[in-house]
Amino acid sequence: MTATFGDMAERAGLHLDAAITGPAMAPTGEAAIAAGHELHRLARTLSRYLRDVAPYDEVEAVTSQDLPGWVPDAVGAREALQRATASLRTDSAPGDAPGAEPTDSTVAHLAAAATSLSAGRDLLHTHFAEGTRLDHSEWAPVVHSETVTRALLEEVAGWSGKLTLLTNAVLSITWTVHHVSPAPEHLSLADACHWLLGATSALQKARLSNPVTAADTELLMAIPANLIPDRRLLQPPESITDLIEGIVASATRLRAIASRTSGQAVWSPAATTDSWKHTTTAAAIISHLSEHMLRSIAGRAGQWHRPQDAGPLLQAAAEATAEACTQWRKVTVAWGDLCTETRGLTALEITDTSDLVLRVGRLAFTDPDWNPSSARKAVSLRKPAGLAPDHAHASVLVGALHHAADALARVAAAALRDVGAAARAQRLYVPTRTLPDTYDIPYRYWHAPPATVDAVLSAYKEAVHASAQAAMALGAVAVRFDVPRAALAPRMAATGPAHSASAGPAAAGPAEDTGTTRSVPASGVPGTVTRPHAGPVERALCGLGSANPVLLLRAKAIDKAGQKLIAEARSESVRIEDSGHVRNISAPAKAAESFPHGPRTSVSLPPQPAAPVPNLRGRSAEQAERLSPGGG
Amino acid sequence: MVMQEIEDIRARLEAAPLAADALAATLAAALDAFGVLLATCRDSEERSVELFAAFAFAAAAAAEGRHILLTAPSLPSAQGLVTSHAACVQADLEVTADALADLAGTLSRHLSSAARRVQDPGDHAACCDAAREAARVHELLARGD
């Protein structure tokens with residue numbers, strides 16, 4: 001079972017409550033110093049949470065018009081917490097040995113709460129590339145979504161209030177034992193109380209301007225650590241409940257794997273055309289069987305009391321799933337005779353796509369041991385009443401199929417990214433025999449013609465779009481069937497039903513930058529406003545993997561200065577034009593785009609191919625052009 | 001029409017070992033047999049929910065078998081440029097599946113037999129691997145009583 005943010009938050013809350021309501025702290029100087037140390041840790045962690053959700057300086061928070069209304073209060077609270085942290089810092093080490101359990105129970109609760117809060121923040125950070133805020137998992141857009149930001153502010157406000165109470169209590173103790181606690185420490189604690197009160201007050205204001213719902217908090221608490229969950233082994237015969245849980249487990253693993261393999265196709269021997277082709281066939285089968293089950297239960301929807309439009313909704317989802325199947329089948333055809341220099345079903349996702357085929361098949365058919373080879377051995381399809389006897393069962397089934405479709409959309413986006421990378425690294429080949437006679441090559445394989453690769457990439461783009469549409473349609477049905485948002489695929493859970501009902505194709509793509517222009521939005525959840533768009537210089541730094549906050553801040557300042565300069569130039573040009581002078585100024589966008597956007601492309605050499613495959617690294621672009629079918 | 005094509009290709013496979021250049025004839029016939037399997041499986045996929053998965057994986061195996069044979073050194077040079085066959089699936093899908101399973105079984109036997117006779121390691125590997133893919137097609141489409 002993967003740990004969730006809710007586990008950490010609940011543990012922290014219990015310890016803070018125990019510290020407040022439990023036995024009073026021992027009236028000793030040592031206990032007071034140890035408590036001050038833990039309060040320092042707690043205040044520091046809370047300020048870091050706020051830095052994560054509102055990474056702006058005070059001036060920027062107040063002057064920028066792009067930011068949501070709650071940001072100035074959150075930034076103010078963060079500054080107050082930082083000052084409280086500084087006030088609580090003590091040169092005196094706690095009396096207990098490092099790593100030992102504190103002897104005082106209140107101090108022990110404070111220490112445990114600080115550890116849990118810190119672990120909770122670490123858990124959220126696992127969804128980003130190390131040292132950056134670049135997305136590293138399917139949950140990353142959820143973590144920096146407006147929904148979760150709102151819920152996190154609410155939690156931090158609650159913790160800050162408790163911290164204020166506890167600091168006051170420790171201050172009382174230090175006054176009691178003033179003979180062991182020198183005056184400067186009283187002043188520091190009093191100072192900290194002052195700043196903590198200020199922070200709590202600012203956070204209350206932020207809460208009021210950005211009210212949270214129970215669903216928001218539920219989603220925050222459901223965020224898991226970014227780990228690939230354990231595989232759920234097939235153990236036939238599995239009940240429908242087991243099969244559905246297994247489908248969700250496999251889908252979750254597939255999404256996690258898709259997020260982690262970025263960049264590996266350039267060099268990894270595990271990234272093979274055999275794996276991509278197998279996954280493509282599996283995706284078509286999963287989509288086809290899903291479509292059948294949706295049509296099957298749509299015919300039964302009239303027997304349920306709610307939702308009233310269940311039948312048409314299920315039919316629409318079935319249509320979207322059928323389209324996904326069609327597009328996946330086109331990918332299998334487009335692959336043709338392409339191959340990589342390494343072969344075999346070696347990719348990480350193979351096991352899970354196979355599990356998904358088997359479980360979706362065993363859900364669709366009555367045979368508990370169903371597999372593709374048993375298709376002609378008197379298998380029978382499950383009847384609609386068996387699949388979904390009532391509304392509750394239908395909602396669970398739709399939720400599982402939604403997870404499967406969403407996972408396929410992620411897999412398609414990852415494959416599009418990886419196949420493109422493999423092509424750029426010249427890892428895609430075709431048997432020489434399939435090339436026109438103009439190719440006079442003494443090898444069994446030769447580099448794939450660009451047109452062949454383009455056909456595969458185009459087919460994948462359509463599969464990404466169609467699968468995302470299917471996932472969205474199924475998500476919309478799931479919401480109408482009262483499936484909790486936290487139980488949906490993360491992307492859907494963050495955007496919510498209102499968005500999902502009205503979202504167009506542009507919102508349908510997985511929140512992962514695959515480098516394509518079709519239906520794949522930029523990283524982030526649509527509607528997220530916690531972070532304004534990065535400018536070209538900031539993007540360039542991010543592309544270089546820079547995590548230095550000073551550099552990033554400077555990049556932001558340069559971008560802003562550039563924007564201002566362009567705006568000034570534009571207004572100047574308007575004035576010149578108005579005064580009758582010749583106007584010849586390029587668009588501001590063009591000027592902005594002249595900045596470097598990313599690291600200089602470095603060509604990573606793929607591994608040396610097996611003996612029959614020629615080493616063609618030295619081939620010039622001109623030669624490549626000449627050798628391509630269209631190159632003459 | 002597809003049944004006739006399957007019969008013709010079966011006849012070519014059976015006759016290939018008797019040809020002057022038996023290996024080249026076997027490889028050429030096997031390549032065309034994989035082509036027929038691939039095109040017919042793809043055309044049949046959507047005609048049955050029950051058989052979709054079997055036909056889809058069978059098509060994938062046929063495509064792989066075809067790909068393997070394209071690298072066999074003794075495959076005649078004119079072979080391989082035609083990548084699809086115009087399959088016209090007849091009404092009874094069960095009959096088609098039976099015929100395809102039968103063809104795949106025959107194909108696997110002939111390729112295994114050829115692999116035992118050839119000297120060239122490239123041809124040997126191609127025949128062995130392609131025979132395995134044909135056996136996979138047979139396994140997916142056979143009734144398995």
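Start at the interface of chain B and chain A: the rule finds 15 residue pairs in polar contact across it, both residues of each pair at pLDDT 80 or more. A polar contact is a pair of N or O atoms within 3.5 Å; within protein, one must be able to donate a hydrogen and the other to accept it, and residues adjacent in sequence count only if both atoms are side-chain atoms. This is a predicted model: local features need pLDDT of at least 70, side-chain atom pairs count only at pLDDT 80 or more, and totals for chains, interfaces and linings use all residues. Residues are numbered from 1 along each chain as its sequence is written, chains are lettered from A and ligands numbered from 1 in the order in which they are written, and side-chain values use heavy atoms, with hydrogens and water left out.

**Stop 1: the interface, from the side of chain B**

Select α3 (49-69), α4 (93-117) and α5 (121-141) of chain B. Each supplies at least two residues of the side of chain B that touches chain A. Helices (H or I, at least four residues) and strands (E, at least two) are DSSP runs, numbered from the N terminus. Now colour α3(B). It gives the largest share of that side, 12 residues. By class, the side of chain B that touches chain A has 18 nonpolar, 7 polar and 11 charged residues. Here Ala, Val, Leu, Ile, Met, Phe, Trp, Tyr, Cys and Pro count as nonpolar, Asp, Glu, Lys and Arg as charged, and the others, Gly among them, as polar.

In contact (heavy atoms within 4.5 Å) are 36 residues of chain B and 32 residues of chain A. The two chains bury about 2,900 Å² between them, 54% of it on carbon and sulfur atoms. Buried area is the accessible area (1.4 Å probe) that two parts lose on being put together, summed over both.

Next, the charges. Chain B and chain A share 6 salt bridges. The rule asks for a side-chain nitrogen of Lys or Arg within 4 Å of a carboxyl oxygen of Asp or Glu. Pick Arg66(B) and Asp337(A): they form a salt bridge, with the closest N and O atoms 3.0 Å apart.

**Stop 2**

Chain B has 5 helices and 0 strands. Of its 145 residues, 57% count as buried. Buried means under 20% relative accessible area, exposed over 50%, partly exposed in between (1.4 Å probe, protein chains only). Among contacts in chain B between residues at least 6 apart in sequence, 78% join residues at least 24 apart.

Zoom to α4(B). Its 25 residues should span 36 Å at 1.5 Å a residue, and its end C-alpha atoms are 36 Å apart, which agrees. The expected span is 1.5 Å times one less than the number of residues. At the start of α4(B), a side-chain oxygen of Asp92(B) comes within 2.9 Å of the backbone nitrogen of Glu94(B).

**Stop 3: α5(A) and Glu138(A)**

Bring chain A back. At the start of α5(A), a side-chain oxygen of Asp104(A) reaches to within 2.9 Å of the backbone nitrogen of Thr106(A). Then go to Glu138(A), in the loop between α5 (105-125) and α6 (140-143) of chain A. Is Glu138(A) buried or exposed? It counts as buried, because its relative accessibility is 7%. Show its side chain with that of Arg255(A): a polar contact of 2.4 Å joins them. Not counting residues up to four places away in sequence, Glu138(A) also touches residues including Thr252(A), Ser259(A), Arg410(A) and Pro490(A).

**Stop 4: Ala298(A)**

Select helix α11 (residues 273-298) of chain A, where Ala298(A) lies. Ala298(A) is buried, at 9% relative accessibility. Leaving aside neighbours within four places in sequence, Ala298(A) is in contact with Gly311(A), Leu314(A) and Gln315(A).

**Stop 5: loops of chain A**

Select Ser380(A), in the loop between α13 (350-364) and α14 (384-387). Ser380(A) is partly exposed, with a relative accessible area of 36%. Its side chain makes a polar contact of 2.8 Å with the side chain of Thr366(A).

Move to Pro237(A), in the loop between α9 (214-222) and α10 (240-260). A cis peptide bond joins Pro236(A) and Pro237(A), with omega about 0 degrees.

Finish on backbone angles. Gln426(A) is not a glycine, yet has a positive phi of about 55 degrees. Gln426(A) sits in the loop between α15 (391-424) and β1 (429-431). Asp482(A), also not a glycine, has a positive phi of about 70 degrees. Look for Asp482(A) in the loop between α16 (450-480) and α17 (490-502).
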